[in-house]
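Subject: Structure handover

Hello,

Here is the structure you asked about, with notes on what was found in it. Please read the notes with the model open beside them.

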Amino acid sequence: MDRRDIKSMTYLELEQAILEMGEKKFRSGQIFDWLHKKRVCSFHDMTNLSLALRTQLEENFYIPQLRKAECQISKLDGTRKYAFALDDNYIIESVLMRYHYGNSVCISSQVGCRMGCRFCASTLDGLARNLSAAEMLEQIYYIQRDIGERISHVVVMGTGEPLDNMENLVKFIHILSDEKSDAIGQRNITVSTCGLVPKIMALAEEKLQVTLVLSLHAPNDELRRTMMPIANRYTIRQCLDACEFYFRQTGRRISYEYSLVNGVNDGPDQADELAGLLQGKNCHVNLIPINPIKERDYRESLPVNVENFKKRLEKSGINVTIRRRMGIDIDSACGQLRRKVAQNEAERRR
Ligand code: SAH
């Protein structure tokens, strides 16, 4: 029989599995504590369990691990970019950002991505596979252990489309925010999507308290379709309606991500069109100059255009910030470290 991934189990699933083994229910509490509070990496370390039970667990379950393949540390602001190898040697990328309010980790949700956004490095090789809940959790646990400081915020904005991996994402959120783990509150967890409308509705039905970010990037469908293939599937109107539904179900204000590309989506007309679209909504717009990737022709907006774009939105009463860029000295666009390390590892194995 295949061993099961014990770390991806929610508390209820673990309880069920332990009962099926003929063990007492309270054991699941102890094991969950070892996995998600003390965060040990082997059954051997679960020292308040009998040796017999530890052996039995070892036979039936496994604990997925990450191996650090590379870590770049910014001398400017302490930002760290990690490349991790998974048990099957795929490489993923995670980023630690230090803010005045605490430590935030940006995690990946998939190995690669199949959404095909034109400005994004993570999608260049397509999707390899989904990450399990454990592999999402371990990015946070690993970094917390590595820096010896608590992680207080998590953004699911690394490689991958989280709503394309919905089942594991929801498990991940339940485990991470479970009061029996070293919990991170749902309000400190942010999930970003390119706009998978039915999945946004489904997430809303889960009635979680996580913040939802929609990657909008254009004020009309025609332009959005040139940047993001998903825009051929769902219109901006459908996305905004789904976001409205999310807001009604959860009471959580939506954020809109708008990456500014020089001469493509950063003009005054586009700012006004965007303002018209979002007028009267309880929302927040995050502007970020695009991080150019060498495989594509997009260039970042000039600072003066970024500033003007922001001012025009503000004039229409829209809540807007320009995202501060972290770790500029180690900067490479999202997904580029992963690709570089993966290529090096492939070379090495050859
Ligand atoms: N798939 C999800 C989450 C991962 S991408 C999503 O689309 O939202 C996280 C954010 O980074 C998205 O807003 C995405 O559009 C943006 N992004 C990707 N590549 C970028 C780049 N080169 N420069 C600026 N933003 C980028």
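Asp178 counts as buried, at 14% relative accessibility; buried means under 20% relative accessible area, exposed over 50%, and partly exposed in between, with a 1.4 Å probe and protein chains only. This is a predicted model, in which local features need pLDDT of at least 70, side-chain atom pairs count only at pLDDT 80 or more, and totals for chains, interfaces and linings use all residues. Residues are numbered from 1 along each chain as its sequence is written, and side-chain values use heavy atoms, with hydrogens and water left out.

Asp178 sits in the loop between α5 and β10. Helices (H or I, at least four residues) and strands (E, at least two) are DSSP runs, numbered from the N terminus. The side chain of Asp178 reaches the backbone nitrogen of Lys180 at 2.8 Å. This is a polar contact, meaning a pair of N or O atoms within 3.5 Å; within protein, one must be able to donate a hydrogen and the other to accept it, and residues adjacent in sequence count only if both atoms are side-chain atoms. Leaving aside residues up to four places away in sequence, Asp178 touches Tyr11, Phe32 and Ala183, where contact means heavy atoms within 4.5 Å.

Phe32 is one of the buried residues of α2. That helix covers residues 26–36, and nine of its eleven residues are buried. Among the others buried there are Arg27, Asp33, Trp34 and His36. The cover over the buried residues of α2 includes α1 (11–20), α3 (51–60), α4 (133–147) and α5 (166–177).

Helix α5 also holds Glu167. Glu167 is exposed, with a relative accessible area of 61%. From C-alpha to C-alpha, Glu167 and Ala133 are 8.8 Å apart in space and 34 residues apart in sequence.

The ligand site

Which residues come nearest to the ligand? Of the 17 residues around the ligand, they are Glu161, Ser192, Ser215, His217 and Asn291; a residue is near a molecule or strand if one of its heavy atoms lies within 4 Å of it. By class, the shell has seven nonpolar, eight polar and two charged residues. Here Ala, Val, Leu, Ile, Met, Phe, Trp, Tyr, Cys and Pro count as nonpolar, Asp, Glu, Lys and Arg as charged, and the others, Gly among them, as polar. Strands β10 (189–193) and β12 (254–260) each supply at least two residues of the shell.

A polar side-chain atom of Ser215 lies 2.6 Å from an oxygen atom of the ligand. A polar backbone atom of Gly160 is 3.0 Å from a nitrogen atom of the ligand, and a polar backbone atom of Cys194 is 3.4 Å from an oxygen atom of the ligand. Taken alone the ligand exposes 530 Å², and the protein buries 94% of that; accessible areas come from the Shrake-Rupley method with a 1.4 Å probe, and for residues only the protein chains shown count as cover.

Ser215 lies in strand β11 and counts as buried at 12% relative accessibility. Not counting residues up to four places away in sequence, Ser215 touches Ser192, Thr193, Cys194, Arg224, Met228 and Glu257. Ser215 and Leu66 are 149 residues apart in sequence, and 29 Å apart in space, C-alpha to C-alpha.

Two residues with positive phi

Most residues other than glycine have a negative phi. His217 has a positive phi, near 65°. His217 is found in the loop between β11 (211–215) and α7 (221–227) and is buried, with a relative accessible area of 3%. Asn89 has a positive phi of about 75° and is placed in the loop between β4 (80–85) and β5 (91–99). Asn89 is partly exposed, with a relative accessible area of 33%.

The chain as a whole

The secondary structure comes to eleven helices and 14 strands. The radius of gyration of the chain is 21 Å, close to the 20 Å that the globule rule gives for 350 residues, so the chain is as compact as a globular protein of that length. The radius is taken over C-alpha atoms, and the rule is 2.2 Å times the number of residues to the power 0.38. Buried residues make up 55% of the 350 residues.

Regards
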